[in-house]
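This report describes a few side-chain and backbone features, then the packing of some helices. Please look through the structure before reading on.

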Amino acid sequence: MGIMEDREKRTKWFMHDRFGMFIHWGLYSIPARGEWVRGDEQLSDEHYVQYFDEWNPVNCDMKEWARVAKEAGMKYAVLTTKHHEGFCLFDSQYTDFKSTNTECGRDLVKEYVEAFREAGLKVGFYYSLLDWQHPDYTVRGDMYHPNKNREECCAKEDERDFNRYLDYMHNQVRELLTNYGKIDLLWFDFSYEDMVGEKWRATDLVNMVRKHQPHVLMDNRLEGNGDNHGSLLSGNPTPYSGDFVSPEQILPTEGVVDVFGNPVPWELCCTMNNHWGYCNFDHLYKPASMLIRKLVECVSKGGNMILNVGPDAKGNIPKESLKILEEIGEWMKLNSDSIYGCGICELPKPEWGRYTQKGDVIYAHVLETPLGALPLSGVGPQELDKVYYLADGTEMKRGEAWNTALYTDVSFVSFGDDPVFTYPLPDERDTVLKIVRKK
């Protein structure tokens with residue numbers, strides 16, 4: 001089986017499920033100024049270790065997290081097993097800087113895997129290639145390291161052996177792949193400047209991953225970041241190109257394709273507010289209606305969305321996030337058929353919203369109230385069989401009337417009795433119509 005066929009087989013579930021939960025959680029939840037707090041504020045080792053001494057998320061209930069994700073309509077999740085700070089939420093034999101050595105005393109990755117599997121969700125691991133705690137990770141000249149401006153730390157650069165760090169990193173990835181059963185997704189983060197590709201011994205790393213879990217999906221960040229898709233689009237991908245690209249906090253203007261025009265799997269990763277890790281003063285949350293529409297936009301362009309939550313230091317998902325996820329879940333319970341298993345529609349994007357498609361069925365996502373009847377752009381009157389509200393199965397009334405006579409190549413439907421009148425949309429966030437065409 002070739003590279004393209006292997007990738008297509010691995011990504012089949014991913015491109016069906018479309019919607020996942022990202023979970024950023026670590027010691028940075030205690031200072032509560034975002035996951036980059038140590039790097040941004042250049043906090044010293046001595047300062048940061050206090051959070052290790054304090055770590056004890058007494059309210060963390062992974063079964064509750066899984067319930068929230070499932071009720072929101074999410075099908076998979078990705079947890080930060082280790083972020084840039086180097087703190088491990090799993091019981092690694094290669095470090096003491098781990099949750100099992102804190103007052104918490106728990107292997108939180110194990111609890112996560114068991115809870116999310118039990119809920120029927122696929123499980124993924126995020127693992128940072130960076131590590132600001134490890135003594136052999138580069139400090140001098142590194143653009144991100146919190147100790148980059150501490151001369152006493154930079155002076156020890158000659159004592160560091162980056163290959164020792166790489167051994168450590170590879171060993172930890174092996175632990176994650178061999179100690180927790182089947183893992184569905186591996187989310188590496190991230191490459192920058194000359195820290196890219198074989199700087200991570202990427203070919204060896206991927207070969208090891210494929211040896212232990214050949215089915216697991218990998219992102220593209222062994223050779224890029226959110227601003228760089230890497231070689232996956234080149235037509236000649238590297239062995240470590242990954243299975244999907246990962247735009248961050250921005251949607252591609254169109255679907256993602258390689259140089260030959262073939263669709264490439266992709267996943268938008270985005271936050272609900274403006275931080276990945278918990279930030280107790282950031283209350284700029286995106287409304288559920290916006291996130292529903294962005295999920296639809298992803299699917300209409302052939303992509304996925306993984307939406308982030310950042311639990312607090314005690315293990316609580318913020319109440320704002322819970323409210324948003326509950327509303328998304330209400331919409332998904334009625335309209336998920338237009339998301340799961342759907343992708344790019346063969347028809348062009350309509351002015352009033354978006355189309356998604358699954359097989360021969362087209363779903364119209366109506367985001368703007370029409371003036372009178374709604375034109376089903378690209379669907380001729382003779383090919384239209386029936387149109388239903390997806391939420392409740394009600395058959396819609398055809399909308400052709402005296403004032404549509406000039407537009408004989410387009411079908412119309414009405415949101416009320418008289419197609420000439422204007423009626424409010426049943427769901428202003430996104431009213432979904434199921435379009436059935438004649439065979």
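## Terms and source

A residue counts as buried under 20% relative accessible area, as exposed over 50%, and as partly exposed in between, with a 1.4 Å probe and protein chains only. This is a predicted model, in which local features need pLDDT of at least 70 and side-chain atom pairs count only at pLDDT 80 or more, while totals for chains, interfaces and linings use all residues. Residues are numbered from 1 along each chain as its sequence is written, and side-chain values use heavy atoms, with hydrogens and water left out.

Helices (H or I, at least four residues) and strands (E, at least two) are DSSP runs, numbered from the N terminus.

## Backbone features

Most residues other than glycine have a negative phi, and most peptide bonds are trans. Gln42 is not glycine, yet its phi is positive, near 50°. Gln42 lies in the loop between H3 and helix H4 (45-54), and counts as partly exposed because its relative accessibility is 26%.

Arg201 also has a positive phi, near 55°, and is a residue other than glycine. Arg201 is in the loop between E4 and H9. Phe190 is found in the loop between E4 and H9, and a cis peptide bond with omega of about -10° joins Asp189 to Phe190.

## Aromatic pairs

A pair of aromatic rings is described by the distance of the centres and the angle of the planes. Rings of Phe, Tyr and Trp (its six-membered ring) pair if their centres lie within 6.5 Å; planes under 30 degrees apart count as stacked, over 60 as edge-to-face and the rest as tilted. The structure holds 31 aromatic pairs.

Trp36 and Trp132 form an edge-to-face pair, because their planes are at 65°, with the ring centres 5.5 Å apart. This pair links distant parts of the chain, 96 residues apart: Trp36 is in the loop between strand E1 (19-23) and helix H3 (37-40), and Trp132 is in the loop between strand E3 (122-128) and helix H7 (151-154). Trp132 is buried, at 2% relative accessibility.

Is the pair of Tyr126 and Trp187 stacked or edge-to-face? The pair is stacked, because the planes are at 15°; the centres lie 6.1 Å apart. Tyr126 in strand E3 and Trp187 in strand E4 (residues 185-189) are 61 residues apart, so this pair too links distant parts of the chain. Tyr126 is buried at 0% relative accessibility, and Trp187 is buried with a relative accessible area of 1%. One aromatic cluster is formed by Trp25, Phe52, Trp55, Trp65, Phe87 and Phe97.

## Charges over rings

A charge sits over a ring if NZ of Lys or CZ of Arg is within 6 Å of the ring centre and within 35 degrees of the ring normal. Lys75 lies over the face of Tyr340, at 4.7 Å from the ring centre. Lys199 lies over the face of Phe162, at 5.6 Å from the ring centre.

## Helix packing

Axes are lines fitted to C-alpha atoms, for helices over the stretch in contact (heavy atoms within 4.5 Å), and angles run from 0 to 180 degrees between N-to-C directions. Angles under 35 degrees count as roughly parallel, over 145 as roughly antiparallel, 65 to 115 as roughly perpendicular and the rest as oblique.

The axes of helix H8 (residues 162-178) and helix H9 (residues 202-212) come within 10 Å and cross at roughly 15°. H8 is therefore roughly parallel to H9.
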